[in-house]
Amino acid sequence: MSVILEVKDLVVRFYTQEGTVYAVNGVSFDLEEGETLGIVGESGSGKSVSSLALMGLIPSPPGKVESGTVNFEGRDLLQLKPDQMRLIRGKEIAMIFQDPMTSLNPVLTIGTQITESLKLHEGMNTSQSRKRAADLLDMVGIPDAYRRLDDYPHQFSGGMRQRVMIAMGLSCNPKLLIADEPTTALDVTIQAQIIELVKQLKDEFNMAMIWITHDLGVVAGIADRIQVMYGGRIMESGSSHEVFGDSRHPYTVGLLGSLPRLDSSGEEKLIQIEGSPPDMRNEPAGCPFAARCDVREQFELERCWEERPPLETVPDSNGDGTHVMSCWADIREGVAQNV
Amino acid sequence: MSSEAMTMTMDKEKRDDDYILEVNNLKKYFPISAGIVFQRQVGAVRAVDGISFNVVRGETLGLVGESGCGKSTTGRTILQLYRPTEGSVKFEGQELSTMTGNELRQMRRKMQIIFQDPFASLNPRMTVGSIVSEPLQIHKIYNNKKERQQYVEELMEKVGLNPYFINRYPHEFSGGQRQRIGIARALALEPSFIVADEPISALDVSIQAQVVNLMEELQDELGLTYLFIAHDLSMVRHICDRVAVMYLGKIVELGPVDEVYENPQHPYTQALLSAVPVPDPQVEEDRQRIIISGDLPNPANPPTGCNFNTRCPVVFDLCFQEPDPPLIEVRPNHYVSCHRVT
């Protein structure tokens, strides 16, 4: 397996009237061919902004990619000119957005919107591209596909619109698909349909995929690797079995403890993480989770306030050393290491 | 399920029939009008289409279903925020659907609502203090200003807000704190029954547990009864004692939570439960999913027969015939509306 995407030290800030928003503060990760990476985090954790940054879609101003590199097949995407980037976006890397109601153009037919990228990237003529578009719609499970090309987005239901978005994303056989909360706006039965569809298409197209979500349940079923983000930083990352089965970071542990489980009766009280997510207008000097961390409180760790913990391999993890976390304490041992 | 088995288990389980709320054949249709000058009704959206259930004093009844199934409309129709098209709602033995004016206002002291969106349900121009004390003013409780403020401060403390912030405006609070303000407002009149209409779905995951724990603590402390409307089935299992599953304006299954979750009888409940992701990769790998195709039918034009017949994996000819399946008791307190289950 070769690495197709390598993100290093990505820093994104927004300069707004209310002050600087420190959205992403040094994020690094790799993605291998055909791999699915689940990025999990709450609102404001920087999960969407980091993926928009690697697509070159940060609105500027107010946003600015301050530093970092995004290496995709030997090129640094952050250094490309807009017209070079346009050749990659939609062709090599495609994206599916959260809200299918607002990310489709309401005044253009579905056919026009799907064939646009086929004509641009693949140089197809109208009849070729319409045929391909109908095949794509058929593949994502839209009945009577050829006729529906001339329908407008409002004539489709939410789940069907998300299928159209997926068809558009897949139209040029991308090597990497970024799905930003693609099922959040949908009901659970429709969500299950879409997840099943994406899983099946991912194998068919042999794509790598980044699936961004706040729902730990969704990524547990779909991702090979999980990356937990908080306050614009990666807190913990590893294979999904390691992150869920052997979670080490106090935030990951707290997050999993705060979720009720469908498969167990809920007699015991939920574990709650005290406080609220950080105000991203202040750049935290130390660990962004320090203010809410019960381990820091228990061991009275001072270092957490002052220094950012590096992302390091979790001590004595069972896996192949890919399980990393950014924390001064190893909570499983019950002792504070490196302090 | 045979009748002998039913009577056997019935002996063990005593039925609690201290009902705080009795809903009988409740219907709420919203008219669809056409015409520009002369409006005439051309149809109706059957948001709630004949549902019956009871709520036992002190319990939490969950009302679940997908968007558009009528669960929020049910909550609002019970509180008479929408007047029912047909059917009866009895609260502590008194019929609400025919009540009006002052009589109804007095009943509202005992039944309150917590709304879904803590950003839209608080007036941005009012301070926390005036939001929480507004119900007290309307019902003319505490005419002494000082006493009223003291009570509001107590309420704020009870829901975990610092009383120091009594003069702040909603925008100065986070989502979770705003939901606490909404809860304090609902508690101000010391109600016995609260409709919680998706109280946590707009909140971040780490905040949801805080609000749910608070609601459970308040229930123990004040002996509240909740109608908990939600689409998060995992949270419903955690917080509720019984659950009613709705589909297209009707209740398809109703029973004690553990019973319904472990032994779902209606094909829709089965599909719904199997669609909920579990945050455990091992469980997800081993799970068999029932995936139902298609979307929710239009509630203005529901299918003939069983409402679920357009998507049901085990549909057969009887499902297309009127009348639709009745809600029958398959085990003590466990009701299902399906022709396959007899």
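**Entry 1: a β-α-β unit in chain B**

I began with strand 7, helix 7 (residues 205-222) and strand 8 of chain B, which make a right-handed β-α-β unit. I note at once that this is a predicted model.

Next I looked up how strand 7 of chain B pairs. Strand 8 (residues 225-230) of chain B runs parallel to strand 7, and five bridges join them. I picked out one residue here: B:Val195 has B:Leu227 in strand 8 as its bridge partner. Strand 6 (residues 111-114) of chain B is also parallel to strand 7, with four bridges between them.

**Entry 2: burial of strand 7**

Is strand 7 of chain B covered on one side or on both faces? I checked each side. B:Phe193, B:Val195 and B:Asp197 lie on one side, and they are buried. B:Ile194 and B:Ala196 lie on the other, and they are buried too. Both faces are therefore covered, and with five of the five residues (193-197) buried, strand 7 of chain B is largely enclosed by the rest of the structure.

**Entry 3: the open sheet of chain B**

I then turned to another sheet entry for chain B. Four strands form an open sheet in the order 2-1-4-5, with antiparallel pairing. Which strands stand at the edges? I found strand 2 (40-56) and strand 5 (94-95) of chain B there. Each has a single partner strand, so one side of each is left without a neighbour in the sheet.

I followed strand 2 of chain B to its partner. Strand 1 (residues 19-34) of chain B pairs with strand 2 over 13 bridges, in the antiparallel sense. Within this pair, B:Leu26 has B:Ile51 in strand 2 as its bridge partner.

**Entry 4: where chain A touches chain B**

I counted the residues on each side. Chain A gives 39 residues to the contact, and chain B gives 35. On the chain A side, helix 7 (188-205), helix 8 (216-222), helix 9 (240-245) and helix 10 (250-257) each give two or more residues. Helix 7 of chain A has the largest share, six residues. I sorted the chain A side by type: 15 nonpolar, 17 polar and seven charged.

**Entry 5: helix 10 of chain A**

Which residues of helix 10 of chain A are buried? I list A:Pro250, A:Tyr251, A:Thr252, A:Gly254 and A:Leu255. I also looked up what covers them. From chain A, the cover includes helix 8, strand 9 (225-230), strand 10 (233-239), helix 9 and helix 11 (294-299). Helix 7 of chain B is part of that cover as well.

Technical notes:
Residues numbered from 1 in each chain as written. Chains lettered and ligands numbered in written order. Predicted model: local features only at pLDDT ≥ 70, side-chain atom pairs only at ≥ 80, totals over all residues. Buried ≥ 20, exposed ≤ 12 C-beta atoms within 10 Å, placed from the backbone. Pairing = 2+ DSSP bridges. Right-handed = clockwise from strand over helix to strand, strands pointing away. Contact = placed C-beta atoms within 7 Å. Nonpolar A, V, L, I, M, F, W, Y, C, P; charged D, E, K, R; others polar.
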